[in-house]
Amino acid sequence: AYGTGEMMEKAKAEESSENEGRPYFNRKAFTFYTVALFTNYLWMGRMRFEIHTGFNRSVQGFADENGQIRFLMRDTVLHASGHILGAIGCTDEEGSYDADFRETDTYYEGYGVDPETGLAENVRTRLSKENWRTVLQPGDTLLKVHVPYGGPLTRQACEEAYAKAREVFPRCYPEYDFKGFICNSWLFCPALKKVLPPDSNSILFQNDYHIFPAKNQAADVFLYVYEKEVASADDVDFSSLPENSSMQRGVKQLLLEGTYIHQFNGFIPL
């Protein structure tokens with residue numbers, strides 16, 4: 001997958017060459033084989049997956065016996081809105097609070113996440129260890145999902161990609177204990193449900209994931225929807241954005257109404 005037959009033959013020839021009477025391995029060939037023999041970044045169907053070790057985002061995830069997922073925020077400061085303090089539009093400190101997390105012998109306690117908005121709730125939640133088990137915590141190994149350009153993000157394409165990843169990664173990388181899929185995307189912004197139909201590919205993709213807030217400048221949407229690379233949404237004149245598709249029109253409507261299209265984190269247990 002990482003080279004043509006011609007490149008392979010060239011590398012084989014170079015690796016068996018001799019220099020001053022001694023066998024040697026050409027530096028370029030060595031680099032090629034390093035990439036060819038091990039990678040943590042594989043393209044499967046419609047998506048690319050990357051081995052992501054040492055999960056370090058400000059959340060811990062739990063599941064009950066029915067598969068319901070709940071999050072508790074931890075080790076961060078939350079804005080009054082429920083975003084992480086410092087995200088675009090959420091820099092004022094009035095009403096902000098520390099997302100302190102507590103674990104005892106019998107329960108977990110912290111600030112939960114509203115499953116509809118993906119934002120932290122300013123009320124403490126206690127989860128009993130009798131009913132809830134940890135499924136996502138700092139240090140975990142996950143499969144990071146990337147959605148490259150190229151064709152529609154259909155349900156079938158997504159399901160096939162996830163199925164391949166679930167089969168290939170645990171089998172080919174048994175040294176890792178994969179906990180699930182993780183993705184950071186503007187496609188998880190719940191505000192999109194206001195302007196896109198519920199059966200659209202984008203909303204169905206969003207619904208696959210359990211979302212929680214991420215600190216960002218809401219810039220990715222401009223790259224993927226308008227092919228405009230910016231550092232922050234505040235660098236864009238929203239009124240000048242094109243309206244050549246339903247997505248472009250919908251996003252522009254939200255922006256003009258004062259709604260940033262923040263990136264959110266999304267998680268699916270493996």
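Modeller: This is a predicted model. The second largest pocket is lined by 13 residues, and those nearest its centre are Pro 115, Glu 116, Tyr 209, His 210 and Ile 211.

Biologist: What volume does the second largest pocket have?
Modeller: The volume is about 300 Å³.

Biologist: Turning to the largest pocket, what is its volume, and which residues lie nearest its centre?
Modeller: The largest pocket has a volume of about 690 Å³. Its lining comprises 24 residues, with Val 147, Ser 185, Trp 186, Leu 187 and Tyr 224 nearest the centre. Two or more lining residues come from each of strand 13 (141-146), strand 14 (178-185), helix 4 and helix 5.

Biologist: And the classes in the lining of the largest pocket?
Modeller: That lining has 13 nonpolar, six polar and five charged residues.

Biologist: A change of topic: which residues of helix 6 are buried?
Modeller: In helix 6 (residues 246-256), the buried residues are Met 247, Gln 248, Gly 250, Val 251, Lys 252, Leu 254 and Leu 255.

Biologist: What do they pack against?
Modeller: The buried residues of helix 6 pack against helix 4 (201-207) and helix 5 (220-226).

Biologist: Which residue has a positive phi just after helix 6?
Modeller: Gly 258 does, with a phi of about 95°.

How values were computed. Residues numbered from 1 in each chain as written. Predicted model: local features only at pLDDT ≥ 70, side-chain atom pairs only at ≥ 80, totals over all residues. Heavy atoms only, no water. Buried < 20%, exposed > 50% of the residue type's maximum accessible area, 1.4 Å probe, protein only. Helix = DSSP H or I, 4+ residues; strand = E, 2+ residues; numbered from the N terminus. Contact = heavy atoms within 4.5 Å. 1 Å grid on protein atoms, 1.4 Å probe; cavity = no way out; pocket = protein on both sides within 12 Å on 5 of 7 lines; lining within 4 Å. Points joined across faces, edges and corners; volume = space filled by probe spheres on them. Nonpolar A, V, L, I, M, F, W, Y, C, P; charged D, E, K, R; others polar.
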